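I opened a new notebook page for this chain. These are my entries, in the order I looked things up.

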Amino acid sequence: MFRLSRLISEEDDEERRGSLLDEDSDALCSLSPLQRIYVFAACLVAGLACMFLSLIVFAKPIKFALLFTFGNVLAVGSTVFLIGPGKQLSMMFDPIRLYATAIYIGFVVLSLICALWIHNKILTLIAIICEICALIWYSLSYIPFARRVVSNLMIRLCDTEL
């Protein structure tokens, strides 16, 4: 009986690991599947915490931009621990979301340039607003038909002819 329950639990573990984690990432990472989930959750929570803590320093746009962008990148990058870096990059640069990814990365870089190099508060805030919009559009690319629904909704809301 013990051998049967051990065999069943091993099959369940393999099914869970195959469905949640990419097999190619097993060779690149020495973390167990449970450890990867913990690291993913920790990175996601840390990223969200940085984004929320950035609201405290909202009056200082340069500090806000640094903290918000770091939290943003940390939260988006946390999925690397679940699916692996190769799969993450292939999903990001998939033809369906290539433009959304390029625009998001461009605004992340632009907000850091405005905050660290130019030191212009107005440009930094504009870049952060554009980064948030690009992140929303990028995130919608993972939900089937979400971008089409949002586009149609925005057209209907902004249409002056009713």
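First, a term I kept needing: buried means under 20% relative accessible area, exposed means over 50%, and partly exposed is in between, using a 1.4 Å probe and protein chains only.

**Ground rules.** I am working with a predicted model, where local features need pLDDT of at least 70, side-chain atom pairs count only at pLDDT 80 or more, and totals for chains, interfaces and linings use all residues. Residues are numbered from 1 along each chain as its sequence is written, and side-chain values use heavy atoms, with hydrogens and water left out.

**Confidence.** I checked pLDDT, the predictor's confidence in each residue, from 0 to 100. The chain has a mean pLDDT of 83, and 80% of its residues reach 70 or more. Residues 1–20 fall below 50, and this stretch has six contacts in the model beyond near neighbours in sequence. I count a contact when heavy atoms are within 4.5 Å.

**Overall layout.** I read helices (H or I, at least four residues) and strands (E, at least two) as DSSP runs, numbered from the N terminus. I got nine helices and zero strands. Of the 162 residues in the chain, 27% count as buried. I also looked at contacts with a separation of 6 or more: residues 24 or more positions apart account for 59% of them.

**UniProt record.** The unreviewed entry lists residues 37–58, 64–84, 96–118 and 124–146 under "transmembrane region". I noted that UniProt positions are given in the numbering used here, feature names are shortened, and annotations may be inferred rather than shown by experiment. In the model, the end C-alpha atoms of residues 64–84 are 30 Å apart, and that span is 86% helix and 0% strand. For residues 124–146 I found 29 Å between the end C-alpha atoms, with 78% helix and 0% strand.

**Back to R36.** This residue sits in helix α3, residues 33–53. What does the side chain of R36 reach? I found the backbone oxygen of L31, at 3.4 Å.

**Cores.** I looked for nonpolar cores, meaning sets of buried Ala, Val, Leu, Ile, Met, Phe, Trp, Tyr and Cys residues joined through side-chain atoms within 4.5 Å. The largest has eight residues: V76, M92, A100, Y104, V108, A134, L135 and Y138. Helices α7 (98–118) and α8 (121–140) each supply at least two residues of this core. A second, separate core has seven residues, among them F64, A65, A75 and I128.

**Y138.** I followed this core member further. Leaving out residues up to four places away in sequence, Y138 touches V76, Q88, M92, R97, A100, T101 and Y104. Y138 is buried because its relative accessible area is 4%.

**Rings.** Rings of Phe, Tyr and Trp (its six-membered ring) pair if their centres lie within 6.5 Å; planes under 30 degrees apart count as stacked, over 60 as edge-to-face and the rest as tilted. I counted four aromatic pairs by this rule. The rings of F58 and F64 have centres 5.1 Å apart and planes at 80°, so I wrote them down as edge-to-face. F58 is partly exposed at 45% relative accessibility, while F64 is buried at 4%. Y138 and Y142 also make an edge-to-face pair, 5.4 Å centre to centre with 80° between the planes. F58, F64 and F68 form one aromatic cluster.

**The loop between α3 and α4 (61–77).** S54 is found here. Is S54 buried or exposed? I found it buried, at 0% relative accessibility. S54 touches F64, L67 and F68, again leaving out residues up to four places away in sequence. A59 lies in this loop too, but A59 counts as exposed at 70%.

**Positive phi.** H119, in the loop between α7 and α8, has a positive phi of about 60° although it is not a glycine.

Note on methods:
Polar contact = N/O pair within 3.5 Å; in protein donor to acceptor, adjacent residues only side chain to side chain.
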